[in-house]
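This report describes selected parts of the structure shown below.

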Amino acid sequence: MRVYRPKLYAALWLLGMLALAWLTLQNLRRDWLETGFLALLPQAEQRPEVANAIERHNQAVNRKVVWLAGAANAGQAVTLAETVKTRLAASGLFAELTLQIPQQQYRQSYQQLFSYRYQLLDAKTRQALQHDPERLLRDNLETLYSPLGQLQAANLEHDPLLLFSRYFAAQNPLQLNIEHGAVVVPDGQMVRALLVGELPDRDLKLDKLELLLSLNQSLQNQVRQQGGELLATGLPLFTAYGAHLAQHEISTIGIGSTLGVVALLSLTFRSPRPLLLCCLAVAVGLLAAWNLSLLLVPKLHIMTLVFGSSLIGVVVDYALHFFCDGLGLPHWTPRRGLTYVLPGIAFGLLTSLLGYAGLGFSPFPGLREMALFSALGLVASWLTVVMLFPFLLARFRPQHQFGMLSLAGYWQRSWPERLHRYRRYLCAGFALLLVGGLSQLRAQDDVRLLQTAPTEITAADAEIRRLLPIGRDNQFFLVSGADLADWYRNERGLLDALAPLTAQAKLKQFDGVSSHWPDPTQQRADYQLLKTGVYRPDLLQRYMLNLGFEQTAIDSELQNFAAAESKTLSLDDWLASANPNLRQQWLGCNAEACRSIVVLAGIADLAPLPALAALPGVVWVDHVSQLSDLFQRYRQRVTVLLVGVCSLIMGILIYRLGWRDGVHVMSVPLLAMLTALATLGWFGELFTLFNLFALLLVLEVAVDYAVFFHMAAASAGTVDKRDTTTLAVALSAFTTLLGYGLLASSSTAIVHAFGVTLAAGVGSAFLLAPLIGFNANKSKQ
Amino acid sequence: MKTLSTLILWLFAAATQAVDALAAIKSRLVPAAIVQGHFRQEKQLKFLSKPLVSEGEFTFQQQRGVIWKTVSPVESVLLIGENRLITSQGEQALPASFGRVFPAMLGGDLAELGADFSTSAEMQPDSWRLTLLPKDPLLGKAIAAIYLAGDSELRSVEIRETGGNVSRIGFDQISRPAQLSPQQAAEFARLSP
C-alpha cells in the first residue's frame with residue numbers, strides 16, 4: 001500500500017478547508033469576541049452563595065462610569081455636566097445616565113417611611129435615648145435655634161422631636177450636596193458636578209469600547225475648551241483602555257514582526273514560495289483554531305487571540321525544517337524531505353500538545369480557552385504542512401548553495417568549537433549567571449498587575465475616590481443567618497464591630513441593610529424606649545409647650561403615638577422605599593439562610609477587617625486577594641505541571657534515544673528555560689503565571705531544536721544534515737524572536753514579561769542546540 | 001417705536017443698576033478682615049404660637065469663616081468654614097449654598113451672592129435694602145426670598161421660606177478688631193483639618 005500520496009492528501013486538505021470556510025461564514029454572524037477582564041478569571045472557587053454575592057457586588061461596581069465635571073461654580077459645573085450627559089446619551093452606550101437626583105423618589109421614600117416613624121430609630125439616636133434623653137432635647141434646641149436649621153424647623157410640625165429627621169438623615173450618611181438638582185462636590189477653587197453612567201451589559205463589544213474611549217477623550221477636550229475640567233473613572237474605562245492598547249500593540253508589533261520575517265525568509269530562500277507556504281500554514285492554523293474553538297466555547301477572549309496566535313506560530317518551524325532540508329541535497333524530493341523531517345516534527349507536535357493538555361486542566365477559563373485554541377490551531381497547521389506541502393513543493397528545486405546556508409554552516413562549526421575551547425570558564429560563568437538570576441527571581445501574583453492603565457486614568461480615579469467616598473471598595477462582608485432574626489443579630493454584631501474602625505479612621509464608611517431597617521423585635525423595643533422616655537405624656541407636654549406648640553398639636557401627637565403601637569415596618573416594605581444600591585445589598589432568604597452584603601468604602605487599613613469573619617455568620621470576601629492567592633496556587637500548580645511535562649518528554653526521549661542522548665537532548669530545553677527564568681530574575685521582571693506559558697513555548701521550540709540536531713547527528717553517516725538543520729533552527733529562532741520576542745516592547749506588563757521570557761529562552765536554546773551532536777575530536781581533524 | 005426704544009433703554013438701565021447697586025452697597029460697607037458683633041435671631045414658624053428667639057455673638061474672619069455662638073436660650077457653638085460645618089453634635093454636612101452665602105453676607109462680599117441669586121436693590125441716602133431670589137430652582141422650592149438691609153453695616157437678614165416660615169436676624173454692636181481673640185482663634189483652629 002502506498003502511504004505517500006500527495007494529491008490525495010492535498011484533496012483531503014482542500015475538503016477540510018471548504019468545511020472551515022463554511023464554518024467561518026456561520027461564525028462571523030455571531031457575537032464571538034469577549035473583552036471583559038473578569039471573563040479571564042475563574043469563578044470564585046468557593047461556596048455558591050459567596051460566588052453569588054461576588055457576582056452581585058461586581059455587577060453593581062463594574063458597569064459604572066463616573067464623571068466629575070468641574071467649573072468655577074455649581075451652576076457652571078452642572079451646565080457642563082449637562083452637555084457631557086447629552087453627548088453621552090447620544091452615543092447610545094449607556095443604559096442609564098444620572099445627573100439630576102430624582103427628588104421625587106426621595107420624597108416618596110420619606111412619605112412611605114414616615115408612618116413608621118415611631119418604630120424607626122437610627123443607632124446613634126437609640127443610644128442617646130437610652131443614655132441621656134435630656135441631651136437629645138437639648139440637641140434639638142440647638143438645631144432649631146441654629147441659623148441653618150430651616151429644613152428641620154419645617155419638619156418640626158409633624159416630627160416634634162426630630163426623631164424621624166434624624167433617622168432619615170442617617171439613611172443617607174454621605175449627605176451629598178445637591179445644587180441645581182445635581183450632586184456637586186466642592187474642591188478648592190472648583191466645584192464639580194457628578195454624572196454617573198451605567199452600561200447595559202458588563203461585557204462591551206470592542207467597537208463600543210473604542211467608542212467609549214474616544215468619546216471620553218473628546219469630552220475631556222471639549223470641557224477643557226469651555227474652561228472646565230472633566231475627571232472620569234470606572235472599570236469599563238480601564239477595560240476599554242486595555243483593549244485599545246492590546247489592539248494597538250498587536251497591530252504595531254504584528255507589522256514589525258511580519259516585515260522582519262518576510263525580509264529574513266526572502267533573503268534566505270530567494271523565492272516567495274516558502275514564505276507564502278509559511279503564511280498559509282499559520283493562516284490555516286488561525287482559521288481552524290478560531291472556527292473549531294467557537295464550536296466548543298461560546299466566545300473567545302481577546303487575550304486568547306493574542307497568546308494563542310503566538311503559540312500557533314510555532315508551526316513555522318515545522319515548515320522551515322521541511323524547506324531547509326531540501327537545500328542540502330542534490331536529489332531532494334518532497335517525499336524524501338518528509339520522510340526525514342516527519343519524526344522530528346511529529347515529536348514537536350507531541351510535546352506541544354502535551355503542554356497544552358496540561359494547560360487544559362487548569363481552572364482558569366482563559367487558560368483552558370488558550371490551550372484549546374492553540375492545540376486546535378497547531379494540529380491544523382501541522383496537517384497543512386504534512387498533507388499539503390508535499391504537493392505544493394513537488395517542483396521546488398532549490399539552488400544548492402545559498403549564502404545563508406554557508407553562513408549557517410560556518411557558524412555551526414565554529415560556534416560549538418569556541419564554546420568547547422573555553423568550556424571551563426563558560427560553564428562556571430553560565431552557572432553563576434543562572435544561580436544569581438534564579439536567586440533573584442521573585443514571583444508576583446497580584447491580580448492588579450495584570451491591568452495596565454495610563455497615569456491620567458489612574459490619577460483621575462484616585463482624585464474621584466478622594467472627593468467622593470461613594471465608590472465601594474472591592475472587599476466586602478457577606479452576612480448570613482438561619483432566619484431573618486438570626487441574620488439581623490449577626491449583621492448588627494458586625495456593624496457594631498465596624499463602628500470603632502471608622503472612629504479610628506481605618507475605614508471611611510460601611511453600610512448594611514440593618515443600619516436602615518430595624519427588625520420587628522428592634523422596632524418594638526424602639527417604640528417602648530420612646531414610650532417610657534421622651535414620649536412620656538408629661539415630658540412631651542413640657543417640651544412641646546416650651547417650644548410654643550398649641551395644645552391641640554400636643555394632644556394629636558400623643559394620639560398618633562399611641563395609635564402606632566402595633567405597627568411594624570416589614571423588610572419588603574422597607575426595601576421598596578430603599579435606593580437601588582441599598583436594595584442590591586439584600587440577597588434574600590431561601591430555605592437555608594437569609595443573606596446580605598455589608599459594603600465598605602475608603603479602607604485605610606485592611607488588617608483588622610478579615611479578623612471580623614470570626615463573628616457569627618460573617619464571611620470576609622476579598623475577591624482581589626483571593627484571586628491573587630489563586631494565581632499563586634496556579635502558578636505553583638503550572639510549575640509542577642511544567643516539570644511533569646518535562647519529565648514526560650525526557651522519558652520519551654530516553655526511551656527512544658537511550659540514556660545518554662536522551663539526557664543530552666533534554667538538557668537544551670532545560671537550560672533554555674532556566675536561562676529565561678534567570679533573565680527575569682536579573683532584570684527584576686514580573687514573574688507570574690503567564691511567564692510559565694512563555695516557558696512552555698520555550699520548551700516546545702527548544703525540544704525541536706535539540707531533536708533536529710540529534711537527528712542530523714544520527715544521519716551523519718549518510719549525508720551531513722547539520723548545515724541545513726542549523727539554518728532551519730536559526731531561521732526558526734529569528735522568526736520566533738521577531739514574532740514574539742518583540743512582545744517585550746509591549747507596555748502591558750504581562751505581555752512584556754512574556755516577550756522577555758520568550759526572547760531569553762529561545763535565544764539561549766538557539767545558542768545551546770548546536771552542541772547536540774557536536775563532536776569535539778572530529779572538528780579538530 | 002419710541003416707546004420700544006425707551007423700554008429697551010430702561011431694561012438696560014435696570015440691569016446695570018442691579019450690578020451697580022451691589023457695587024454701591026459694597027462701597028458703603030466698611031471693609032475688614034475680621035467682623036464681630038451681637039445677633040438676635042427670630043424664627044417665626046407658623047405652627048408655633050411664639051417665635052424661636054436666640055441671641056449670641058458672631059465672628060467673621062475672611063479666610064476662615066464664621067463662629068456663630070448662641071448664648072441664649074441654650075449655649076452652643078456653630079463653626080462654618082468653606083466646606084465644613086461643626087456643631088456641638090459633631091461635624092455635619094454643610095449645604096454648599098449656605099457655606100457660600102452666609103460668610104458672603106457677613107463679610108459684605110456681595111458679588112459672591114450674584115452667583116447664586118438674582119439681586120435687586122433699593123437705595124436710600126443712608127440705608128439700603130437688597131432682595132435676593134434663588135437662581136437654583138431646587139433652592140427656590142425651599143426659599144422664596146432673602147432680604148438684606150443695612151447702612152454702613154449689614155443690619156438685618158430676613159429669610160422667607162416658601163412654606164410661610166420666616167427667620168429674621170438682626171446685628172448690632174458690630175466692631176472690627178485687628179486680631180482674633182485667643183478664644184476665637186482656638187475655635188477657628190477646630191475648622192482647619
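## Helices α27 and α28 of chain A

The axes of α27(A) and helix α28 (residues 722-739) of chain A cross at roughly 170 degrees and come within 9 Å. The model is a predicted one. Angles over 145 degrees count as roughly antiparallel, so α27(A) and α28(A) are roughly antiparallel to each other.

On the α27(A) side, the contact is made by Y705(A), F708(A), F709(A) and A712(A). Their counterparts in α28(A) are R722(A), T725(A), T726(A), V729(A), S732(A), A733(A) and T736(A). The residues of this contact of α27(A) with α28(A) comprise 6 nonpolar, 4 polar and 1 charged.

## Helices α27 and α29 of chain A

Helix α27 (residues 689-714) of chain A also packs against helix α29 (residues 749-768) of chain A, at an angle of about 20 degrees and with the axes 8 Å apart. Angles under 35 degrees count as roughly parallel, so α27(A) and α29(A) are roughly parallel to each other. Their crossing is right-handed.

Residues of α27(A) in this contact include F690(A), F693(A), L697(A), V701(A) and Y705(A). From α29(A), the residues include I750(A), F754(A), L758(A), V762(A) and F766(A). By type, the residues of the contact of α27(A) with α29(A) are 16 nonpolar, 3 polar and no charged. Y705(A) takes part in the contact with α29(A) and in the contact with α28(A).

## Strand β6 of chain A and its partners

Strand β6 (residues 190-198) of chain A has 8 of its 9 residues buried, so it is largely enclosed by the rest of the structure. Strand β2 (residues 64-71) of chain A pairs with β6(A) in the antiparallel sense over 8 bridges, and in this pairing V65(A) has G197(A) as its bridge partner. Strand β3 (residues 96-98) of chain A is also antiparallel to β6(A), with 3 bridges. There, L97(A) stands opposite G197(A).

Strand β5 (residues 182-187) of chain A pairs with β6(A) in the antiparallel sense over 4 bridges. One of the residues paired here is V184(A), whose bridge partner in β6(A) is A193(A). The hairpin of β5(A) and β6(A) has 2 residues between the strands, and G188(A) in this hairpin takes a positive phi near 60 degrees.

## A buried serine in chain A

Is S628(A) buried or exposed? S628(A) has a relative accessible area of 12%; buried means under 20%, so S628(A) is buried. This residue is found in helix α25 (residues 623-657) of chain A. Leaving aside residues up to four places away in sequence, S628(A) touches D445(A), D446(A) and V447(A).

## The sheet of chain B

Chain B contains an open sheet of 11 strands with antiparallel pairing, in the order β6-β5-β4-β3-β2-β1-β11-β10-β9-β8-β7. Its edge strands are β6 (90-92) and β7 (117-123) of chain B, each of which pairs on one side only. From one strand to the next, the twist averages 20 degrees.

Strand β10 (residues 154-161) of chain B is joined by 5 bridges to strand β11 (residues 166-175) of chain B, and the two run antiparallel. In this pair, V157(B) stands opposite I169(B).

## Helices on the sheet

Helix α6 (residues 133-145) of chain A lies across β1 (34-44), β2 (52-61), β4 (76-80) and β5 (85-87) of chain B. Its direction runs at about 65 degrees to β2(B). Helix α5 (residues 182-191) of chain B packs on the sheet as well, touching β1, β2, β3 (65-72), β4 and β5 of chain B. The direction of α5(B) makes about 120 degrees with that of β3(B).

How values were computed
Residues are numbered from 1 along each chain as its sequence is written. Chains are lettered from A and ligands numbered from 1 in the order in which they are written. This is a predicted model: local features need pLDDT of at least 70, side-chain atom pairs count only at pLDDT 80 or more; totals for chains, interfaces and linings use all residues. Side-chain values use heavy atoms; hydrogens and water are left out. Axes are lines fitted to C-alpha atoms, for helices over the stretch in contact, and angles run from 0 to 180 degrees between N-to-C directions. Angles under 35 degrees count as roughly parallel, over 145 as roughly antiparallel, 65 to 115 as roughly perpendicular and the rest as oblique. A crossing is left-handed if the near helix is turned anticlockwise from the far one by less than a right angle, and right-handed if clockwise. Contact means heavy atoms within 4.5 Å. Ala, Val, Leu, Ile, Met, Phe, Trp, Tyr, Cys and Pro count as nonpolar, Asp, Glu, Lys and Arg as charged, and the others, Gly among them, as polar. Buried means under 20% relative accessible area, exposed over 50%, partly exposed in between (1.4 Å probe, protein chains only). Two strands pair if DSSP finds at least two bridges between them.
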